[in-house]
Amino acid sequence: MSQTDQPRAPIGALPEDVQALARTARPDEYAAPHPLYVVWEITLACDLGCKTCGSRAGPARSDELSTAQCLDAVRQMADMGIREVTLIGGEAYLRDDWDVIAAEITRRGMTCGITTGARNFDAERVARAVDAGVRGISVSLDGLERTHDAQRGSPGSWQAATAAARRIAESPMRLSTNTQINRLSLPELAAVADLLRELGSEAWQIQITVPMGRGADRPDMLLQPHDLLELFPLLAWIKQEKLTPHGIRLFPGNNIGYFGPWEKVLRYGGGEGAHWGGCGAGKWCLGVEADGKIKGCPSLPSEDWTGGYLGRDRLAEVVADTPELRFLRERTRDDLWGFCRTCYYADVCKAGCTWTSQCTLGKAGNNPYCIHRALEHEARGEREVLVHARPAPGVPFDHGRFDLRVEEAPPADPEATPTIGGFDLATVTGLTWDAGSVWSPDELRRRLKRIGRRDLVHISG
Ligand code: SF4
Ligand code: SF4
């Protein structure tokens, strides 16, 4: 998943707890933006088999950086003014020296965090993280137990993750959580919010599942752009009723977009006047892969967005000089296409999340997952629909392609009961965190079915 999705460069006055985050830009930095935050895949090795995994993690890469190369990379990050580094994988803890790298990050004055599926974040690993000075750990929870396990491809992974979350919450580190939003988790989000309170999570980062890697092989689990019309009011209600009263901060990810009536409520902790300011890849954040690939954002497709390699190139020079890292800093409306190019917000928004637009429509610069856009279509009696058109090749950080169709929206029925993801509102709001799932096992299997080339001909034809 993308790990860049917390405040970096909002415009406007922010709540104090958001300003305090190391990755939040200071006012003087807007004039000369520079990366503040690195998300670093230190190994591709993973003990889960998630069906949404953008990097198709499993075995380690054959050419992962050595300990010495990693420690040199930490030095380079500190030298160029990075303030926060989040270690990811795969599973970061499957590398023997993960806590050596974490300790060096904190020794050099940067904040270190870890994002994990927590299949095996046992007491010993929690203690090692504390000893290394890790500030906080974000545990991934993609729904209630059966829904989460189905997506993670591993029975028992929800039990393991929630047990690890409790362990972390009881340690000196901060527990936060992150959730992918797709057709499976959408109707369970309110119940997941209750679970977070139960676990002691201080913050919740959410993002829309993007068809990258294994996620690209399962189009039936993805949201359609018009589903945002249900998602946004639901998020605002969850924040007001289930999060804020319990001190849990909500961080909608960079692909939960953009503007519209909920921007002020949801974006950047609800700061007065704060709003989305464009993709921060290479501008406020960087992504590094375990073999040293340097990108503006960890989620961007590697083939198109790798500017250089740690272990071979100097990080600061790659950031300053390569087109792959500079492009998004210099992007203008002229680089956009489709609806986004014509949008009122285009000069500021610049088509939202680059990763999301490229992985859905095959090309950056036009992002269908946008609430402003969904509302504009709704006002015209239309909606946008993604239709799977081309499969992904099957390598880490790859993507396929969808066609975007505009169709007439079904007429609104004033008598109909409101629904979220096909379930009536009472079911969604009445679901409890220990209910297991709102879905039947058959429905979970159907939604998570890996699509083959023969199926694609059928769907797109
Ligand atoms: S339509 Fe495109 S440019 Fe306009 S707000 Fe949405 S994502 Fe941004
Ligand atoms: S591509 Fe840009 S907006 Fe999307 S997650 Fe990466 S940095 Fe954030």
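Trainee: Where in the chain does His-275 lie?
Mentor: Residues are numbered from 1 along each chain as its sequence is written, and chains are lettered from A and ligands numbered from 1 in the order in which they are written. This is a predicted model, where local features need pLDDT of at least 70 and side-chain atom pairs count only at pLDDT 80 or more, while totals for chains, interfaces and linings use all residues. Helices (H or I, at least four residues) and strands (E, at least two) are DSSP runs, numbered from the N terminus. His-275 lies in the loop between helix H9 (263-266) and strand S8 (285-288).

Trainee: Is His-275 buried, exposed or partly exposed?
Mentor: We place C-beta atoms from the backbone and count the others within 10 Å: 20 or more makes a residue buried, 12 or fewer exposed, and anything in between partly exposed. His-275 has 17 C-beta neighbours inside 10 Å, so His-275 counts as partly exposed.

Trainee: What distance separates the C-alpha atoms of His-275 and Cys-349?
Mentor: Along the chain these two are 74 residues apart.

Trainee: How does the shell around ligand 2 divide by class?
Mentor: Ligand 2 is surrounded by 15 residues, the closest being Asn-254, Cys-279, Cys-297, Cys-353 and Trp-355. By class, they are 7 nonpolar, 7 polar and 1 charged.

Trainee: What covers the buried residues of H16?
Mentor: The buried residues in H16 are Ile-371, His-372, Arg-373, Ala-374 and His-377. Contact means that two C-beta atoms, placed from the backbone, lie within 7 Å. The cover includes helix H8 (228-243), H13, strand S11 (382-390) and strand S12 (401-408).

Trainee: And which side of H2 do Cys-70, Ala-73, Val-74 and Met-77 take, and how wide is their arc?
Mentor: Helix H2 (residues 67-79) has those four residues buried. The arc is that of the directions from the helix axis to the C-beta atoms. They sit on the same side of H2, because their arc is only 105°.

Trainee: Which residues are exposed on the other side of H2?
Mentor: The buried side is covered by elements including strand S1 (37-41), strand S2 (84-88), helix H3 (98-107) and helix H11 (315-321). On the other side, the exposed residues are Ala-68, Arg-75 and Asp-79.

Trainee: Which residues touch the most other members of the largest nonpolar core?
Mentor: A nonpolar core is a set of buried Ala, Val, Leu, Ile, Met, Phe, Trp, Tyr and Cys residues joined through C-beta atoms within 7 Å. This one holds 121 residues. Those that touch the most other members are Val-38, Val-85, Leu-87, Ala-102 and Val-139.

Trainee: Which helix gives the largest share of this core?
Mentor: In soluble globular proteins, nonpolar side chains tend to be buried together. Here the largest share is 8 residues, and it comes from helix H7 (residues 189-199).

Trainee: What is the phi of Phe-397 near?
Mentor: Phe-397 has its place in the loop between S11 and S12. With 26 other C-beta atoms within 10 Å, Phe-397 is buried. Its phi is positive in a residue other than glycine, near 60°.

Trainee: What about Arg-56, buried or exposed?
Mentor: Arg-56 is in the loop between S1 and H2, and has a positive phi of about 50° although it is not a glycine. Since 21 C-beta neighbours lie inside 10 Å, Arg-56 counts as buried.

Trainee: Last one: what is omega near for the peptide bond from Gly-89 to Gly-90?
Mentor: Gly-90 is found in the loop between S2 and H3. The bond from Gly-89 to Gly-90 is cis, with omega near 20°.

How values were computed. A residue is near a molecule or strand if its C-beta atom, placed from the backbone, lies within 6 Å of it. Ala, Val, Leu, Ile, Met, Phe, Trp, Tyr, Cys and Pro count as nonpolar, Asp, Glu, Lys and Arg as charged, and the others, Gly among them, as polar.
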